[in-house]
Amino acid sequence: YIKQSYLIAARNLHQMVGNVKGLDENTSKKVDFYTRQYIDALSPTNYLATNPEVLRETINSGGQNLLKGLNNLLDDLESGDGKQLRVRMTDATAFEVGRNLATTPGHVVYQNELMQLIQYSPSTTEVWRRPLLIIPPWINKFYILDMRENNSFVRWAVGEGHTVFMISWVNPDEKLAEKNFEDYMTDGYLAALDAIEAATGEKEVNAIGYCLGGTLLASTLAYMAAKGDDRIKTATFFVTRMDFAESGELGVFIDEEQL
């Protein structure tokens with residue numbers, strides 16, 4: 001009864017808000033998005049008294065699940081210095097860089113304000129002449145492509161004879177507030193190309209851009225073409241958006257009003 005009542009009410013609310021006349025397209029998208037967030041927040045499964053699975057577990061465990069949840073809540077408050085609720089989605093102690101994450105051997109060969117450049121050690125007796133430069137997005141760590149041995153793109157590429165370089169972006173703070181997209185090109189891609197030449201003696205590279213790193217790669221290629229710079233001989237893009245004219249629900253957050 002509760003479930004069906006919720007579904008009926010949710011559908012009616014969504015239809016009612018969706019039928020409001022006179023809204024421009026951008027505002028209509030925002031109204032639709034936030035209405036769905038409100039509806040989802042009211043789902044009966046979000047509350048102890050109306051979630052049968054939680055009720056069964058509470059009975060079966062003698063309430064231990066609630067105590068565990070309370071401890072998780074206190075830990076999340078503590079990790080947010082008591083000022084915010086920093087909800088953990090994973091076990092932050094499960095992985096450690098260099099122990100069971102990002103274990104492909106390598107070392108930093110260059111660094112500046114925005115990034116470090118990692119060169120991975122070869123695992124073959126011969127390597128291809130042209131190095132491979134990988135650029136991850138700012139929102140991911142470099143090890144998004146070097147997880148564990150059996151699911152590490154970096155380890156696979158090294159095993160295929162590539163001399164792999166990876167940019168590792170810094171976590172920006174207030175000291176980098178004035179940095180912009182162009183700085184990530186000059187102090188990221190272009191600085192990495194100079195450092196790779198210094199490390200290997202090779203001017204030409206193959207490049208891989210991942211997500212926003214690929215968006216930056218496309219912009220950099222356009223800039224380099226205008227300057228007559230052809231050091232990047234091939235470019236590969238992983239899940240990269242280049243045309244943001246239709247950005248989907250991302251547009252709810254990135255218009256001038258929201259910023």
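## Pocket, cores and a hairpin

By class, 5 nonpolar, no polar and 2 charged residues make up the lining of the largest pocket (Ala, Val, Leu, Ile, Met, Phe, Trp, Tyr, Cys and Pro count as nonpolar, Asp, Glu, Lys and Arg as charged, and the others, Gly among them, as polar). Keep in mind that this is a predicted model, where local features need pLDDT of at least 70, side-chain atom pairs count only at pLDDT 80 or more, and totals for chains, interfaces and linings use all residues. Residues are numbered from 1 along each chain as its sequence is written, and side-chain values use heavy atoms, with hydrogens and water left out.

The lining consists of Phe95, Glu96, Val97, Leu101, Tyr143, Met147 and Arg148, and the space inside comes to about 200 Å³. A pocket here is an open set of points on a 1 Å grid over the protein atoms alone, where a 1.4 Å probe fits, with protein on both sides within 12 Å along at least five of seven lines; lining residues have an atom within 4 Å of a point. The volume is the space filled by probe spheres set on the points, which are joined across faces, edges and corners.

Now for the inside. The largest nonpolar core has 24 residues, and Met115, Leu117, Leu133, Ile167, Trp169, Leu193 and Ile232 touch the most other members. Helix 6 gives the most to this core, with 9 residues. A second, separate core of 14 residues includes Ile118, Ala157, Val158 and Val164. A core means buried Ala, Val, Leu, Ile, Met, Phe, Trp, Tyr and Cys residues joined through side-chain atoms within 4.5 Å.

Strand 1 (residues 106–111) pairs with strand 2 in the antiparallel sense over 5 bridges, and a hairpin of 3 residues joins them. Pairing takes at least two DSSP bridges; helices (H or I, at least four residues) and strands (E, at least two) are DSSP runs, numbered from the N terminus. Histidine 107 sits opposite glutamine 119 of strand 2.

Two further residues have these accessibilities:

| Residue | Relative accessibility |
|---|---|
| Threonine 220 | 0% |
| Tyrosine 210 | 18% |

Both count as buried, meaning under 20% relative accessible area, with exposed over 50% and partly exposed in between (1.4 Å probe, protein chains only). Threonine 220, in helix 7, contacts Met185, Tyr189 and Leu190, leaving aside neighbours within four places in sequence; contact means heavy atoms within 4.5 Å. Tyrosine 210 belongs to strand 5, and its C-alpha atom is 15 Å from that of methionine 147.
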